[in-house]
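Subject: Structure handover

Hello,

Please find the structure below, followed by notes on what came out of the analysis.

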Amino acid sequence: MTYTSFEFFIIFFGITYVLYSIIPQKAKWCVLLVGSLAFYTVAAGGHIEFLILSALIVWAVGMIIQRLNDSFAENKKLVSKEERKKLKNKYKSYKLTALTIGVLCNIGFLLVLKYANFFVGTVNTLFSAKLPELSIIQPLGISFYTLQAVSYITDVYRGRYKACKNPLRITLYLSFMLTIVEGPIARFDQLGTQLNEGKKFEFKNLVYGAQLVVWGLFKKVVIADRAAELVNNVFDDMSAHGGVIIMVAILFYTLQLYCDFSGIMDVMTGLGEIMGIELPQNFNRPFFAKSINEFWQRWHITLGGWLRDYIFYPISLSKPFMKLTKSARQKFNPYYANLIPTAVALFFVWFTNGMWHGAAWKYIVYGLYYYVLMMLGLFAEPLSAKFCEKLKINRKSKGFALFQMLRTFAIVNIGMLIFRANSLKSVFFAIKTIFVNPNFQSLQVGSRNGLGLDVKDYIIILCGTTLIFLVSVLQEKGIRIREQIAKLPFIVKFVIFMLAAFSVIILGAYGEHYGVADLLYANF
């Protein structure tokens, strides 16, 4: 069961949307809950118990913290100002205990169900032990709904909003069919309130949402799934290919991952828009980024936002780190004094980023790869500025901006190699092959060469990528394409939509010669 399957569109989303449109507003959330749980149960093969358990824990912890908040608000009026501070600390201690239990339970489920065998394998390798691996089925979407669960109880603890009294509404927030498999990672005040309100049908939402769904399917089915053929053939047996082919495969994987993930985000955002539900943005044309930091502000935005708010800020604003900052300011100039504590906090952010993506050392290295490069860039920034000043390089010129984008793109592709390779050993083999054995003769356009693609496929990928690039350029300039299309005559809009829909149907990479392409981020 995938988001691009007939069953999802017709049976689950289709039936849910029809009932959602006609049922009274107060009961709309019930339709979403039943539809989401039905979809999750089928997609997860019936393993729904940990999702329900997480929802109940989150609800209970949220209610406990809320009652403590309410109790403090009442009792502080009955005591003097001197006693009020003690009372506040007392209640804060109780709330922190409840929050800690809630976070540890949810993170504990994630660590055991997703990473237990990784820990066992690491111990066996380091200490030559023979610990048995556990027979565990990783719950679908656990990496996504766990982060939402933690954000909910943390925000209630921080007083950002009041706890939801109904456990079924919390269950809907965690299990919503459009976010449970691949995100985006939405906060409760972003998504939960919309799900509980129940939106009325609007024809504009239907039209705009359908356009975005078709665009997302084009990126996923036409581009990503076709590029997957070459990527899988090369990475599954890199020893059979020269360095040039491996470089092409890396570029194709970057294209595949972007079109797969952002395409599905477009599909989910479009379906949400059809329902009148606005999902948080997860991509913002990342390949226009001029630095690694900017790239990650544009790529998987909701994950970066979560890591910032629930890892970076709590660490950097903690008392030990405040002392570290104060100490650094006494020993270094202001730039490095502020950078040193930031660098320490960012280590935990990027380690968590890598670990979140998968239970393997390559993912941890993937996260730390970006961390090291980002730190090198930040620490070298003053020297870089002086170097450009001496050479009279205008860092605000379009030429320098283009250089920065190309540099960032190259760095990202090396990261993609680490991300896609079957092991760290394969990463080093690929880099060695690229420099030692490029083998330009193996690059024969139009021949399958064991790569799974023919001339037609390359042409479709080239044309599709060009279209995506042109659309991105227009969007980067602030042009809202769907609004521009809406201004066109009806017949023109109809023809454009039909051409787009039939391009997905006719050019989609399915059927003979194409494998089944799963959703890439559903595995994380």
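Arg482 is partly exposed, because its relative accessible area is 26%. The model is a predicted one, and that applies to everything that follows. Arg482 forms a salt bridge with Glu273, with the closest N and O atoms 3.0 Å apart. This pair links distant parts of the chain, since Glu273 sits in helix 9 and Arg482 in helix 19, 209 residues apart. Glu273 has a relative accessible area of 18% and is therefore buried, the cut-off for buried being under 20%. Leaving aside neighbours within four places in sequence, Glu273 is in contact with Asn205, Tyr208, Gly209, Leu212 and Arg482.

Other salt bridges

The whole structure holds 14 salt bridges. In one of the 14, the side chains of Asp155 and Arg160 meet at 3.6 Å, N to O. Asp155 counts as buried because its relative accessibility is 1%, whereas Arg160, at 46%, is partly exposed.

Glu294 and Arg298 form another salt bridge, with their closest N and O atoms 3.0 Å apart. Both residues lie in helix 10 (residues 292-298), 4 residues apart, which is about one turn of the helix. Salt bridges with shared partners join Arg285, Glu294, Arg298 and Glu476 into one network.

Pocket and cavity

How much space lies in the largest pocket? The value is about 1,600 Å³. The pocket is lined by 45 residues, and the closest to its centre are Leu212, Trp215, Asp266, Gln475 and Arg482. Two or more lining residues come from each of helix 8 (203-235), helix 9 (243-275), helix 18 (455-476), helix 19 and helix 20. Helix 8 gives the most, with 9 residues.

For cavities of 30 Å³ or more, the search of the whole structure finds 1. The largest cavity holds about 40 Å³ of space. Its lining consists of Tyr17, Tyr20, Ser21, Lys199, Lys200, Phe201, Ile274, Met275 and Gly276. The elements that give two or more residues to this lining are helix 1 (6-22) and helix 9. Helix 1 gives the most, with 3 residues.

Helix 7

Which residues of helix 7 (residues 188-197) are buried? They are Phe188, Leu191, Gly192, Gln194 and Leu195. The cover over the buried residues of this helix includes helix 2 (28-43), helix 5 (142-157) and helix 6 (167-175). Helix 7 is followed by Gly198, which has a positive phi, near 80 degrees.

Surface patch and one further residue

A nonpolar patch on the surface is formed by Leu488, Phe490, Ile491, Val492, Phe494, Val495, Ile496 and Leu499, with about 750 Å² of accessible area together. Leu488 is placed in the loop between helix 19 (481-486) and helix 20 (490-507). Leu488 counts as partly exposed because its relative accessibility is 32%.

Ser426 belongs to helix 17 (residues 424-436). With a relative accessible area of 17%, Ser426 is buried. Not counting residues up to four places away in sequence, Ser426 touches Met238 and Ala421.

Regards

Notes
Residues numbered from 1 in each chain as written. Predicted model: local features only at pLDDT ≥ 70, side-chain atom pairs only at ≥ 80, totals over all residues. Heavy atoms only, no water. Patch = residues over 30% accessible without salt bridge, like charges linked within 9 Å, V, L, I, M, F, W, Y side chains within 5 Å. Areas by Shrake-Rupley, 256 points an atom, 1.4 Å probe, with all protein chains shown as cover. Salt bridge = Lys/Arg side-chain N within 4 Å of Asp/Glu carboxyl O. Buried < 20%, exposed > 50% of the residue type's maximum accessible area, 1.4 Å probe, protein only. Contact = heavy atoms within 4.5 Å. 1 Å grid on protein atoms, 1.4 Å probe; cavity = no way out; pocket = protein on both sides within 12 Å on 5 of 7 lines; lining within 4 Å. Points joined across faces, edges and corners; volume = space filled by probe spheres on them.
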